[in-house]
Amino acid sequence: MPQAGLVNAERIAEVIEHYAHMEGAALPMLHGLQERFGHVPEAAVPMVAEALNRSRAEIHGVVTFYHDFREAPAGRHVVKVCRAEACQSMGGEAVAARLASQLGVGWGETSPDGRVTLEATYCLGLCACAPSAMVDGQLIGRLDSDAADAIVAEVAR
């Protein structure tokens with residue numbers, strides 16, 4: 001669970017220092033930053049680049065390439081819906097559209113009250129139980145309209 005809070009250069013440097021000794025430290029550093037702050041702060045990108053002797057563009061490219069890295073904090077609840085082929089073939093798009101509509105947020109967006117973030121993902125490894133989703137880290141398979149309604153009720157609390 002992220003320890004969101006004050007983002008400052010000292011706290012960013014602590015995370016960078018923790019992973020700096022590792023071979024291939026870029027991804028562990030970025031995961032560490034996201035774990036600590038709930039996202040990868042923009043101010044961290046040049047600091048990570050300098051620590052790894054890389055360009056800011058390279059580090060920014062890593063952050064924006066991987067869907068799991070966030071450039072802004074997520075909502076209190078994170079709903080990830082699989083939109084890969086197996087889930088699509090089992091009616092996942094209708095369930096995904098229902099979730100987006102009922103939650104009132106678009107893909108990759110957080111509700112204005114910070115209650116929920118809705119994210120698309122492209123395989124949760126539950127293809128045999130498609131369509132699937134992940135709510136606050138808990139996997140849910142065999143999604144249907146009733147399950148979508150239950151997710152909306154769960155994150156409304």
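A salt bridge is taken here as a side-chain nitrogen of Lys or Arg within 4 Å of a carboxyl oxygen of Asp or Glu. The model is a predicted one, in which local features need pLDDT of at least 70 and side-chain atom pairs count only at pLDDT 80 or more, while totals for chains, interfaces and linings use all residues. Residues are numbered from 1 along each chain as its sequence is written, and side-chain values use heavy atoms, with hydrogens and water left out.

**Colour by confidence**

Begin with pLDDT, the predictor's confidence in each residue, from 0 to 100. The protein averages 93, and 97% of the residues score at least 70. Helices (H or I, at least four residues) and strands (E, at least two) are DSSP runs, numbered from the N terminus. Confidence is highest in helix H3 (residues 44–52), at a mean of 97, and lowest in strand S2 (residues 109–110), at 92.

**Select helix H1**

Next, select residues 9–19, which form helix H1. Burial is judged by relative accessible area: buried is under 20%, exposed over 50%, and partly exposed in between (1.4 Å probe, protein chains only). Which residues of H1 are buried? They are Arg11, Ile12, Val15 and Ile16. These residues cover an arc of only 140° around the axis, so they sit on the same side of H1; the arc is that of the directions from the helix axis to the C-beta atoms. An α-helix has 3.6 residues a turn, so residues three or four places apart point the same way. The buried residues of H1 pack against helix H2 (26–37) and H3, where contact means heavy atoms within 4.5 Å. Turn to the other side of H1 to find Glu10, Glu17 and His18 exposed.

**Select the annotated cysteines**

Now select Cys82, Cys87, Cys123 and Cys127, which the UniProt annotation "binding site" (unreviewed entry) covers. Although they are spread over 46 residues of sequence, the largest C-alpha distance among them is 9.4 Å, and they cluster in space. UniProt positions are given in the numbering used here, feature names are shortened, and annotations may be inferred rather than shown by experiment.

Centre on Cys82, in strand S1 (residues 77–82). Cys82 counts as buried because its relative accessibility is 3%. Leaving aside neighbours within four places in sequence, its contacts include Cys87, Cys123 and Ser132. Cys127, by comparison, is found in the loop between strand S3 (116–121) and strand S4 (133–135), and counts as partly exposed at 44% relative accessibility.

**Display the salt bridges**

The whole structure holds 8 salt bridges. Arg83 lies in the loop between S1 and helix H5 (85–89) and Glu93 in helix H6 (residues 92–103), so the pair ties together parts that are 10 residues apart in sequence. Arg83 is buried at 18%, whereas Glu93 is partly exposed at 30%.

Move to Asp113 and Arg115, which form a salt bridge with their closest N and O atoms 3.5 Å apart. Here Asp113 is partly exposed at 49%, while Arg115 counts as buried at 17%.

Then select Arg157 and Glu154, which meet in a salt bridge at 2.5 Å, N to O. Arg157 is exposed at 69%, and Glu154 is partly exposed at 36%.

For the last stop, select Asp68, Arg70, Lys80 and Glu119 together: a network of salt bridges links them.
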